[in-house]
Amino acid sequence: MKKYKCFLYLTIFTLLKLSVYAQPTDLFISEYVEGSSFNKAIELYNGTGASINLATGQYVLEVYFNGSTSSTSLALTGTIPSGSVFVLAHPSAVLSFTPNVSTSVINFNGDDAVVLRKGGATGSILDVIGEVGYDPGTQWGSGDTSTLDRTLRRKASICQGDITTSNPFYPSIEWDGFPLNTFNGLGSHSVSCSAPGVGLTLSPSTLNFTTTANVTSQVLTYTLTGISLTSPVSIIAPQYFQISLSSSGPFLSSLSIPATSFSPNPVIVYVIYTPVSVGTSSAIATHSSSPFSATLNLFGTALGLTPISQIQGAGPASSYTGQVVATQGIVTADFQGTNELGGFFIQDPVGDSNPLTSEGIFIYNTSFPVNVGDLVTLSGTVEEYFNKTRIKSLTSLTVQSTGNTIAPTTVTLPFATLTEPEKWEGMRVQFTQSLTVTEVFTLARYGEVSLSANGRLFNPTNFVDPNDQPAIGTTFNGNSNVAAVLAQQDLNDRSRILLDDKSSVQNPPIVPYVDAVNNTLRCGSTLSNLDGIMDYDFSIYRIQPVTTPNFIYAPRPAVPSVGASNVKLASFNVLNYFNGDGAGGGFPTSRGADTPIEFTRQRVKIIEAIKQINADALGLMEMENDGNGAQSAIQDLVNGLNASIGAPTYTFVQDPTIINGGTGTDEIKVAMIYKPSKLTLAGLAIANDSSVNNRPPLAQTFVHNATQEKFSVIVNHFKSKGCTGASGVNTDQNDGQGCFNNSRKDQAAALLLFVNKVKTLANDSDVLVIGDLNSYEQEDPIDLLLNGGMSTLLTNVYSYVFGGQSGSLDHALVSSSMLGQVSGAAKWHINADEPIVKDYNQEFNPAYMYDVDPFRSSDHDPVIIGLALPVPNITGLTSNNLSQTFVKIKPNPSSQKNVTVEISSTLDGSVTIEVVDQIGRNILTQVNGITKGANEIQLNLPEMKDGFYYVKIRNENSTSVQKLIRIN
């Protein structure tokens, strides 16, 4: 991926020091010990002529480990008298004396940088060992004067520290080297600094160049200081080197600088190296101004060209890692812009004809400008950056020609192996096949889109059964078909590629690739002719586009039809609906919104989704488990829903009592809301209090007001697939079903027993099981339910997207007696396909991405079920509504003889009331007068068996039939 991957390594080959001092002006590092084990020390020298209070001056010592740009630092305290030293050592260092400070900060290795500052963490730099932001591999320097397993002691002629953190570090210039574990110099230091006077000095005294034959190197500089000069300074450059007083030239073999140019400032001289053949050069540039002279040591290396394919090699890593190479290629993509990848790609236009070696490579650089189509020759250091081969720290780059082209290599999914893309790493490639967006989870954070061949990818166990082949079987134990599950997963993994956005920015203010209408990119959208660079980062192969991808955007769906129904039911995981303390406080909540504003954003979207579903009863998952009170989350949801509708349409099923199973101890619970105008509760809600349930299933029996048909709904939320706390048989069995599959099977078995209990208590066999079962369609818990007599209403569909794969975790199953009453079922894809940046959260979500619509109101798609309940058809009765009246019977169900019939009428008159059983036998007949308005008529029922009966209320114009449930 990226975003947090690109530190800027700017290598500026300058080392600017003033030349002469009467005495040091501040502290500098006088000795460096990198010995065996923890034998590590740093010595600071004060030669200023006055004592230095370290605390008052806010002196800080910093260590930058392994090329990092962040340091481990130590604020220094104490006083250093003039001419004295201050020694810091690791607490476990074995020294012959006690250091001033023992600290674990002194724990560097040869590739770590050490910095001394004055004025705190952002103060001025006094001295540097190494180069901050660059890891040289094992050490700086070589031989005796290296930073690995050596002691370095500052030369007596050095009177000031190196104040630049990004220049190349050559220890031999200012340091003397000593063998491993040499400690006898610690504790004292002396300098021999010349007083300001006359003459010529320059710094640094050595320059090193690397380039290729007949290619001009990068420009390097040195500072020339002249004091009390009486004649011009003449500089003569040796063969292959040229000099100038300007970075843009002209570069010449000699210069004459007037003496007046050195007052009051030194002169900066620019140097280039243009070798004519491969090899090394060493020479001296002479400087003279009678009677003074000075010399500059020049070293040059001309490398031979190494083909890109040879640098890449046929394996996962380059054999040239850590080496300086020169190579050549055409620029295929330039990503050096602000917030981009910090470099460009080049590709060999000819190649080596070996299909296993890549012809392209990434150049990590922002110092040399290039354009796409440039043929460039460059030199730099090969690096494996998190297993991506690249060239960094360029020492030269020359544009040989412009306007060149590279034809993309055609690549096709699925890959033959997961590592096949390695042979195209860094190359320009093109996918001519149509690719489908299969995940957008990291779209807003990293600008990434997961694409797949042959449509979206489905979780293997959504259609491949770990036990049965074909998958229509209902075996829920064993692993006879696990090999097929794993094979499908392997195919899925080889069938996808990541589309990146050529950027290093996390959470960009403008989210890429979204459409102009809804600011979204849904799974299921398609893309053809993807053209870009095959890149590798954060263990994933990805495409950095060179042409703008043109998506065909998948549309947002309307609420799906569930057939000709007279009852609509639904299931919806509302993603931790927590309303704080219910009074506008208590945020952040433990599982939901962090602020009241976030909760309002969440609430609006959830309510809009439920309102559009328009279910007569709806099961909810991930509701805050905080009871039924006025401040509870469920009451808050119902209040908001009714306010949005503009009428008291919904109420909620009261939590089961402890005797009836309770709601468990989990932070979240399942719940249910319903429309009293359409459904009447038949008895109290009950819950399955089996110990296998961490979130007890909730059951409620309803009576449909219009038909008086009875049915029961059970809402569930099984144990998740997350592995936290998993042990024994609940660990991942590598069968595609994740962790806690055994617990989910136990929950499914307990649910079957609970279904039978609900049937018995309701005296009705019609049961609907809904909820988030955290199991895909062909997994063991679903097979167990099917084996127990339940029928699933939806197959080969999805409600959730995870890891770039779609699948159904949310289900609807019915008992056999209810199956024929189902008019249809569907999943409304408002959430799973949408990027999470569209949800209620405000962290990193640009404000313009939020909408008050149902889309991404949760992470699960709701399930909608239609029922076509039968209309009563008893001989001698009709089912027309009584003209100009409204009829209600209570209590219903009834366990007593006295029943009240409520009749609301707009006219005075009379009605005949009859009670008949299921086969039409008359139980009771009576005639009552009614008046305009509300009427209550008492029925004194005879002894009646348990069951349901029909109450017929008739006047001159029509008849109303209502069902009466009798429970003794």
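**Links, sheet and helices**

Author: A search of the whole structure finds 1 disulfide (a pair of cysteine sulfur atoms within 2.5 Å). The model is predicted, so local features need pLDDT of at least 70 and side-chain atom pairs count only at pLDDT 80 or more, while totals for chains, interfaces and linings use all residues. Residues are numbered from 1 along each chain as its sequence is written, and side-chain values use heavy atoms, with hydrogens and water left out.

Reader: What is a disulfide, and which residues form the disulfide here?

Author: A disulfide is a covalent bond between the sulfur atoms of two cysteines. Here the two are C723 and C739, with sulfur atoms 2.0 Å apart. C723 and C739 are 16 residues apart, and each is in the loop between β45 (710-717) and α7. Helices (H or I, at least four residues) and strands (E, at least two) are DSSP runs, numbered from the N terminus. The link of C723 and C739 is right-handed, with 85° about the S-S bond.

Reader: How many bridges join β38 to β39?

Author: There are 6 bridges between β38 (residues 567-577) and β39 (residues 617-624), and these strands run parallel. L569, for example, has A617 in β39 as its bridge partner.

Reader: How are two packed helices described?

Author: By the angle between their axes and the distance between the axes. For α5 and α6 the angle is about 65° and the axes are 10 Å apart. The contact of α5 with α6 divides into 7 nonpolar, 3 polar and 3 charged residues. Ala, Val, Leu, Ile, Met, Phe, Trp, Tyr, Cys and Pro count as nonpolar, Asp, Glu, Lys and Arg as charged, and the others, Gly among them, as polar.

Reader: At what angle do α7 and α8 pack?

Author: Helix α7 (residues 741-762) and helix α8 (residues 780-787) pack at about 20°, with axes 8 Å apart. They are therefore roughly parallel to each other; angles under 35 degrees count as roughly parallel, over 145 as roughly antiparallel, 65 to 115 as roughly perpendicular and the rest as oblique. Residues of α7 in the contact include R744 and L752, and those of α8 include D780 and L784.

Reader: Which peptide bonds are cis?

Author: Most peptide bonds are trans, and most residues other than glycine have a negative phi. The bond from Q469 to P470 is cis, with omega near 10°, and P470 lies in the loop between β32 (449-453) and α4 (482-494). Another cis peptide bond joins K890 and P891, with omega about -5°. As for phi, N214 has a positive value near 65°.

How values were computed: Two strands pair if DSSP finds at least two bridges between them. Axes are lines fitted to C-alpha atoms, for helices over the stretch in contact, and angles run from 0 to 180 degrees between N-to-C directions. Contact means heavy atoms within 4.5 Å.
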